Amino acid sequence: MKKVEAIIKPFKLDDVREALSEVGITGMTAIEVKGFGRQKGHTELYRGAEYVVDFLPKIKIELVVTDEQVDRCIEAITNAARTGKIGDGKIFVTEVTKVVRIRTGELDNEAI
């Protein structure tokens, strides 16, 4: 099992959710986060005053999938979240050693 974490632009969340659903991913967690990478924020003008926005709003998606689903999951997220502009985000994949469904006590792949 793998944990897939993706940082994407907020307006791409629905597109990513639909793309994941199309490849058979049934659950995910979406969290509003702030951060920056190569974008390094930007400057905005508010009531005549200029200020720097260092941390940009992003969405972090977390899901745990079987080893067989990982490549389809990454492809779906990449295709749905890509705008071709800086700040499209990143995907991180890590190993998951155990999953337990609290309600039923199911373990690992049955718990996903």
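**Close-up views of a predicted model**

**View 1. Surroundings of cysteine 73 and the nonpolar core.** Cysteine 73 is in contact with Val4, Leu20, Ile25 and Leu63, leaving aside its neighbours within four places in sequence. The coordinates belong to a predicted model. Cysteine 73 is also part of the largest nonpolar core, which has 17 residues. The residues with the most contacts inside this core are Ile8, Val16, Leu20, Ile61, Leu63, Cys73 and Ile77. At least two core residues come from each of β1, α1, β5 and α2. The element that gives the most is α2, with 6 residues. In soluble globular proteins, nonpolar side chains tend to be buried together.

View 2. Four strands form an open sheet in the order β2-β5-β1-β6, with antiparallel pairing. The edge positions are taken by β2 (29-35) and β6; each has a single partner strand, so one side of each is left without a neighbour in the sheet. From one strand to the next, the twist averages 25 degrees. Helix α1 packs on the sheet and touches β1, β2 and β5. The direction of α1 makes about 15 degrees with that of β5.

View 3. Strand β5 is mostly covered, with 7 of its 10 residues buried. It is joined to β1 by 7 bridges, and the two strands run antiparallel. Within this pairing, glutamate 5 stands opposite glutamate 62 in β5, while lysine 3 has valine 64 as its bridge partner in β5. The pairing of β2 with β5 is antiparallel over 7 bridges. Here isoleucine 31 has lysine 60 of β5 as its bridge partner. In a regular strand the side chains alternate between the two faces of the sheet.

**View 4. The salt-bridge network of Lys3, Glu5, Lys60 and Glu62.** Salt bridges link Lys3, Glu5, Lys60 and Glu62 in a network. Side chains of opposite charge can pair when their charged atoms come close. Lysine 60 counts as partly exposed at 22% relative accessibility.

**View 5. Glutamate 5 and its contacts.** Glutamate 5 has its place in strand β1 and is buried, with a relative accessible area of 15%. Its side chain makes a polar contact with the side chain of lysine 60 at 3.0 Å. Leaving aside neighbours within four places in sequence, glutamate 5 is in contact with Lys60, Ile61, Glu62, Lys90, Ile91 and Phe92.

**View 6. The salt bridge between lysine 9 and aspartate 88.** A search of the whole structure finds 9 salt bridges, and one of them is shown here: the side chains of lysine 9 and aspartate 88 meet at 3.8 Å, N to O. Lysine 9 lies in the loop between β1 and α1 (13-22), and aspartate 88 in the loop between α2 (70-81) and β6 (90-95), so the pair ties together parts that are 79 residues apart in sequence. Lysine 9 counts as buried at 13% relative accessibility. Aspartate 88 also counts as buried, at 17% relative accessibility.

**View 7. Threonine 66 in the loop between β5 and α2.** Threonine 66 lies in the loop between β5 and α2. It is buried, with a relative accessible area of 15%. Not counting residues up to four places away in sequence, threonine 66 touches Asn109 and Ile112.

Note on methods:
Residues are numbered from 1 along each chain as its sequence is written. This is a predicted model: local features need pLDDT of at least 70, side-chain atom pairs count only at pLDDT 80 or more; totals for chains, interfaces and linings use all residues. Side-chain values use heavy atoms; hydrogens and water are left out. A salt bridge is a side-chain nitrogen of Lys or Arg within 4 Å of a carboxyl oxygen of Asp or Glu. Buried means under 20% relative accessible area, exposed over 50%, partly exposed in between (1.4 Å probe, protein chains only). Two strands pair if DSSP finds at least two bridges between them. Axes are lines fitted to C-alpha atoms, for helices over the stretch in contact, and angles run from 0 to 180 degrees between N-to-C directions. Contact means heavy atoms within 4.5 Å. A nonpolar core is a set of buried Ala, Val, Leu, Ile, Met, Phe, Trp, Tyr and Cys residues joined through side-chain atoms within 4.5 Å. A polar contact is a pair of N or O atoms within 3.5 Å; within protein, one must be able to donate a hydrogen and the other to accept it, and residues adjacent in sequence count only if both atoms are side-chain atoms.
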